[in-house]
Amino acid sequence: MWNPHIRRANCNLSLRSEREAMQKSEGSGGTQLKNRATGNYDQRTSSSTQIKHRNAVQGSKSSLSTSSPESARKLHPRPSDKLNPKTINPGLRETKHPYTFVSKEGFRELLLVKGAPEKAIPLLPRLIPVLKAALVHSDDEVFERGLNALVQLSVVVGPSLNDHLKHLLTSLSKRLMDKKFKEPITSALQKLEQRGGSGSLSIIKSKIPTYCSICC
């Protein structure tokens, strides 16, 4: 005879087994969903971090490129950036702006630096041809620039210029025939005599006999 108590116990065991199986299934699915969600979040976080890093690197490169001296010169070019020794005449013979200004002011400022006499005297053999080229130039402005530079140089080097005067006085003698240059050339010769001392007078007179000394 079937015992009702045994039957009820079997039913309870069956229900408990089914409930445990369902809980395991739900737990496994929840874990999978949780892991999938966590993985997606990690991927999004990683992608976001990579994007931020890439933007930071690009911003840093951009900042470096715009702050470099080369970039600054390209954005704001200076007149001196146009100077190119391969395409322009050296020294005082320039005839175009800004080269005319740079040559004149550059020569003057170099003679004003500390220790200019000690630095300029050894360079006289190189400076004299530059001055001579300006003094024989057909352009009147170039000649005047060369004449002013000669006077400026004589103030700095004094009697050291005497040995080189003979190379420059011939062109001055020719320009004296032009009335508009007679006065500035005479004034320049007087300053050369004053800075060069007694030795300069004989040199000037040998090339320009009509010159009247400042001592007269």
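Visitor: Hi! What percentage of the 216 residues in the protein chain do buried residues make up?

Guide: Buried residues account for 25% of the 216 residues in the protein chain. Keep in mind that this is a predicted model.

Visitor: Okay, and how many helices and strands does the chain have?

Guide: The secondary structure comes to 9 helices and 0 strands.

Visitor: What share of the contacts between residues at least 6 apart join residues at least 24 apart?

Guide: That share is 63% in the protein chain.

Visitor: What happens at its start?

Guide: There, a side-chain oxygen of Asp139 comes to within 2.9 Å of the backbone nitrogen of Glu141.

Visitor: And just after helix 6, which residue takes a positive phi?

Guide: That is Gly158, with a phi of about 60°.

Visitor: Which residues of helix 6 are buried?

Guide: Quite a list! Among them are Val142, Phe143, Arg145, Leu150, Leu153 and Val157. The cover over the buried residues of helix 6 includes helix 3, helix 4, helix 5, helix 7 (162-175) and helix 8 (179-196).

Visitor: You mentioned Val157. Why does Val157 count as buried?

Guide: Val157 counts as buried because its relative accessibility is 5%, and the cut-off for buried is under 20%. Leaving aside neighbours within four places in sequence, Val157 is in contact with Ala120, Ile121 and Leu124.

Visitor: How far apart are Val157 and Ala116?

Guide: Along the sequence they are 41 residues apart, while in space their C-alpha atoms are 8.5 Å apart.

Visitor: Moving on, where is Leu161 found?

Guide: Leu161 sits in the loop between helix 6 and helix 7. Leu161 is buried, with a relative accessible area of 2%.

Visitor: What does Leu161 touch?

Guide: Not counting residues up to four places away in sequence, Leu161 touches Leu124, Ile128, Leu150, Leu153, Ser154 and Leu192. Leu150, Leu153 and Ser154 are also among the buried residues of helix 6. As for Arg195, 34 residues from Leu161 along the chain, the C-alpha atoms of the two are separated by 9.1 Å.

Visitor: How about Ser171, buried or exposed?

Guide: Ser171 is in helix 7, and at 9% relative accessibility Ser171 counts as buried. Ser171 touches Leu135 and Val136, again not counting residues up to four places away in sequence.

Visitor: And what is the relative accessible area of Gly199?

Guide: The value for Gly199 is 33%, so this residue is partly exposed. Gly199 has its place in helix 9, residues 198-207. Gly199 and Pro159 are 40 residues apart in sequence, with 7.7 Å between their C-alpha atoms.

Visitor: New topic: how much space lies in the largest pocket?

Guide: About 410 Å³. Its lining has 14 residues, and those that lie nearest its centre are Phe107, Leu110, Leu111, Leu123 and Leu127.

Visitor: Which helices each supply at least two residues of that lining?

Guide: Helix 3 (99-110), helix 4 (116-120) and helix 5 (124-135) each do.

Visitor: Last one! What classes of residue line the largest pocket?

Guide: The lining has 10 nonpolar, 2 polar and 2 charged residues.

Technical notes: Residues numbered from 1 in each chain as written. Predicted model: local features only at pLDDT ≥ 70, side-chain atom pairs only at ≥ 80, totals over all residues. Heavy atoms only, no water. 1 Å grid on protein atoms, 1.4 Å probe; cavity = no way out; pocket = protein on both sides within 12 Å on 5 of 7 lines; lining within 4 Å. Points joined across faces, edges and corners; volume = space filled by probe spheres on them. Helix = DSSP H or I, 4+ residues; strand = E, 2+ residues; numbered from the N terminus. Nonpolar A, V, L, I, M, F, W, Y, C, P; charged D, E, K, R; others polar. Buried < 20%, exposed > 50% of the residue type's maximum accessible area, 1.4 Å probe, protein only. Contact = heavy atoms within 4.5 Å. Polar contact = N/O pair within 3.5 Å; in protein donor to acceptor, adjacent residues only side chain to side chain.
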